[in-house]
Amino acid sequence: MTAHLLTDAAGPATDRTVIGENLSLPLFRTLSGVLAGHPYLKVVVDRAEDTWHLLDTAAHPFHVNYIATRVLGMDLATLDAELDAFNASVYMDPGRRFLLGVLSLHIGEDTDGRERTFLVLETTEADTMHGELLQFFYAFVRARVDGRLPLLLKPANHGQEEALAAISELLVPRVLSHELFGSRARTPLNPGEATGRLRFFRTQEEYAAAEAGLGWADIVAMPCLPDDVPRVAGFLNTAPITPLSHTNVLASGWGIPNAIVRDLEQLVERDGLDGAWVRYRVADDEISLERLDHEPALRAPAWHQQRIRLEPPLLEDVPVLALHRLRAADRDRYGTKAANLGELHHVLDSRTADLTAFYGRPRPPREDLYGHLAARLGLSDPTEAELRARAAEFVADAVGAPEGVALPFALQQRFLASSPVLQQGIGKLKMALELDATDVLDSLCLQLQHLIRHTPVPESVTRQISQAFPAPADPRGRLVVRSSSNAEDLPGFSAAGVYDSVTTVHGAGELLDAVRQVWASLLSPRSVRLRHQVGISLDDTYMGVIIQEYVPATLGGVLVTCDPTRREDFRNVYLNCSPGSPEQVVDGSVLPQQYLYNTVEGGGRTVALGSWGDGLSAAVRARLADLSLTGRLLQSHFSADDVDKPLDIEWLMTGKGDFRLVQIRPYAL
């Protein structure tokens, strides 16, 4: 077949796109770009003409633009006006003319440990190719690629995985996403750039010995950073973690770079980086660590000037209330976490909130995404009122809010005021903060925490708690006691993992101990330092408490309504989960399963299987797709000031298969 080189006046003079030529490795390298460290090349198969187009990546960043303008003769204005219909014709029509994909070049090891180069063919995540089309696509490309290069098909979503299950791997050799990328040497977690001194620790013991000397100009590197790491210039992990770990939530909130660099120890030893001054940069497609010849003149980071403004706490004597009686405005009496859960109850019960606003925002060239939302909700050409009603109904059917009670700030205030010794200790801590006496700060905090945990609770406070939340009917029943401060779950200050929750409470005696432990966590050395760094006064900080009956979970985790590693992506929701309690995900005790769900065109894909060898069943993954769409819809309400601001949602699946949302807060970007 004759090859055609595109050099006509309609495109750039440097356009090297090829039609109909077989693909060799030199030609691949000529046309390819680089994404996430891998060379890649866009491919368009034209079934009507029985040929394919190998696109010059530099000249053609989008498949559909190329097909519309260079093959079908459309202008871009017409394409923009018909973009969704055009996309459906090339990604979802089972009888489509064009098959769109990407070929990427990878280097791995064979069974003998020898290096091998191979190609991977995949479609976009929204593509709904059925098994027969996938088999045709693979065979068409295989016949035109240099036979010395192994070629594997990577299904782009769960639907394609299921479609391929009935096809022999001898006909269509394949690799799953988590198999291909699960052992990546370098993975960006939070973008950013920092100049600082690299501090490399091989063990937790090495870190603990040096922790007191860490400062704002340090970049901390170790296998897995502890949740109580101080505020520094950057993080580096040498072992796999999830983008939703506490430390990455902190990195995101602090605006510092964070990445996984599994070969860091070799780099440190080779280049003598431990203790050296470096320039560290994390981007979506690049992680760099450059050693500097001399100590740079550094300015204090921006977060040294960052100031978080708290609404004044209201300390009047208000009752202990059931969560469903709270609204968002009650955060200044019961804390942000409790108020958000109360607001969730209101959204689910009233079904009056507009949960479609995210989809109403223009996404050029689209005026809005309402049509996509209607398709996700199973509607055809609904009115605005019908779409809103269906969205509210979908969310109310998909998830529930936890029952429980919230203790107001006033109870903590009465407890603290009941003890002159506590008042004296708080006065000393305030003075130390005013004088910036960091040498005594930790000891004062630890003394205060000990006093709070052992000071008797006034009878009037005890009575309010016990009357509002009587002992469970089952004497073996278990309670969960959670923090709900006014200095957490805030834009710019998430305080993820900073305050205590107690999840193994039995009986009234343990309940009071747990409440005091949560109150005491407000005065931990770490929480006091973090608040002080952003200008949150001790006088303005109070702790509410949430008390709930423990609900056993078969599956639990965290989702954020964005892709943490690709901030410009408005389609995907990132979801982590593990069997049992969501605490395993947030505290990093296991490496969770990780999934991405497209809440615009639909579909989901597995990113990593974590500590488990097998993925979830197709039925459970479909349920998680509904959960992800629910999170996106709730974003419209809880981020009403800017519907593009993502949420961080902690969730669990009960033994009955119901979803329960146990926490909802802003996700720091």
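Reader: What order do the strands of the open sheet have?
Author: The seven strands run β17-β27-β26-β22-β23-β24-β25, with mixed pairing. Two strands pair if DSSP finds at least two bridges between them. Strands (E, at least two residues) and helices (H or I, at least four) are DSSP runs, numbered from the N terminus.

Reader: What are the ground rules for the model?
Author: This is a predicted model, where local features need pLDDT of at least 70 and side-chain atom pairs count only at pLDDT 80 or more, while totals for chains, interfaces and linings use all residues. Residues are numbered from 1 along each chain as its sequence is written, and side-chain values use heavy atoms, with hydrogens and water left out.

Reader: Which strands does α23 lie across?
Author: Helix α23 (residues 618–638) lies across β17, β22, β23, β24, β26 and β27, at about 140 degrees to β26. Helix α12 (residues 336–350) lies across β17 and β27, at about 125 degrees to β27. Angles run from 0 to 180 degrees between N-to-C directions, and axes are lines fitted to C-alpha atoms, for helices over the stretch in contact. Contact means heavy atoms within 4.5 Å.

Reader: Different topic. At what angle do α16 and α17 pack?
Author: About 100 degrees, with their axes 6 Å apart. The two helices are therefore roughly perpendicular (65 to 115 degrees; under 35 is roughly parallel, over 145 roughly antiparallel, the rest oblique).

Reader: Which residues meet there?
Author: Phe-415, Leu-416 and Ala-417 in α16 meet Leu-422, Gln-423 and Ile-426 in α17.

Reader: Now Thr-238, buried or exposed?
Author: Thr-238 is buried, at 17% relative accessible area. Buried means under 20%, exposed over 50%, partly exposed in between (1.4 Å probe, protein chains only). Thr-238 sits in the loop between β12 (234–237) and α9 (246–254). Beyond neighbours within four places in sequence, its contacts include Phe-200, Met-222 and Arg-262.
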